[in-house]
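Take a look at the protein below. We will go from the whole chain down to one residue.

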Amino acid sequence: MSGQQTSMKHPLRTSQLMAGITQALSVQQNNVVYDMKAAGQDVITLSLGEAFFDLPLPDLDGLTTPGLHHYSHSRGLPELRRLLGKYYESKFALPVDPDSEVIVTAGSKAAIYMALMAILDPGDQVIVPEPYWLSYPAQIRMCQGEPVMISHDVPVFDFERFVTARTRAVIINNPNNPSGHVYTREELQYLHDLAERHGLLLIVDEAYNEFMPPGTDFLAAGALDPEKKHTVTVNSMSKNYGVSGWRIGYLIANERLTEQILKINQHLVTCAPTILAAYLTERFDDLLDITRPQIQSTVQLRNRVATWFADEGIDTMPGTSTFYLFVSLGGSDLDSTEFADRLLREHAISVVPGIGYGDSCDRFIRVSVGSESEERIARAVAAIRDLIESTTPTHLASRPRARVESEV
Ligand code: PMP
């Protein structure tokens, strides 16, 4: 066994930096689900970070963009940048120069990482309000920065006390995955003023911006800083277009920043997948026309499910947007990991433990209603209620409350 001897003499060394990073809890959970499904098990899947839409299969033959099989401009296809710029300018009052202020890359996950990498030196801090999207702290650490988490019960207007001499940025997700919270104009204005006062960057991840409840408009944070002095807007085709597997996301920032980010993009991925970016470019508006009604019914479903939980006396963190609910475990004596494990093992229902979204969130689970039928979601809500009830010590058990419409 000379191979083994060799490996014992020179054990593979991996970096301490990566040893300190854990897998993305949601992705890890979904890998278990994929394995269970491959083994023939029926799993009610409420852990996926995407909504399934009815979309036409792409007709790639009909595309007219040149160079479909090849690398494209590393800022992104010029026409796609122009359309994205127009989208933000006409819908959200954020003027964008597509030549210098947009970078398209392989998913917004990569865009966020590149933005962090462009601004952080070792030991720099980034403020991360909980519940956060679970890759933010890991990405900050991968850039040798230090995430400074803020418990979910701290109001936005108190964030200033977390700013230190080492703070470089604040990162928020608006609308928020997992709570569905949409930041108010006042909250966004406060964050802009904070950024201005302390020379911070405000990174705003708007991946779910189309997922607004009927009759409400989305306020893009960038509109409050049209010169982009301190704001990076990140967005994605994954959720709004329902094509998460295509890996196309983008960011909008001032030229000084995009010049740095462009270098990272060139060294890491070169460009987003050209043929898919070309398809999205050529069908930019048609595709949104197809997804928008489906987005609307998904958001409405989300808010109906919130009332089901309320009817059972189960709280959800306040929010109205996205297709996620952050569901309180009430008096259950299980933590969020134990709860999610038992739900999966005993009821074949997958959710994501709240601990993945911050230490202050271990009394919650994330439920996504984007990829299951209403009937199966209803079954899951009943199972979640039963598991909460059966794990709640009797002296803590309370009776279900009456339905409260205003909570959704
Ligand atoms: N931001 C948020 C808040 C997300 O939920 C996700 C995906 N779940 C992403 C960014 C990443 O999306 P993508 O890389 O597919 O653009």
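Among contacts between residues at least 6 apart in sequence, what percentage join residues at least 24 apart? The figure is 76%. Contact here means heavy atoms within 4.5 Å.

A word on the source. This is a predicted model, where local features need pLDDT of at least 70, side-chain atom pairs count only at pLDDT 80 or more, and totals for chains, interfaces and linings use all residues. Residues are numbered from 1 along each chain as its sequence is written, and side-chain values use heavy atoms, leaving out hydrogens and water.

Now the overall build. The protein has 13 helices and 12 strands. These are DSSP runs, numbered from the N terminus: helices are H or I with at least four residues, strands are E with at least two. Along its principal axes, the C-alpha trace spans about 65 × 60 × 50 Å. Of the 408 residues, 54% count as buried. Buried means under 20% relative accessible area, exposed means over 50%, and partly exposed lies in between (1.4 Å probe, protein chains only).

Next, zoom in on one residue. Ser 47 sits in the loop between strand 1 (44-45) and helix 4 (78-92). Ser 47 counts as buried because its relative accessibility is 0%. Its side chain makes a polar contact of 2.6 Å with the side chain of Asn 30. Another polar contact, of 2.7 Å, joins the side chains of Ser 47 and Ser 350. A polar contact is a pair of N or O atoms within 3.5 Å; within protein, one must be able to donate a hydrogen and the other to accept it, and residues adjacent in sequence count only if both atoms are side-chain atoms.
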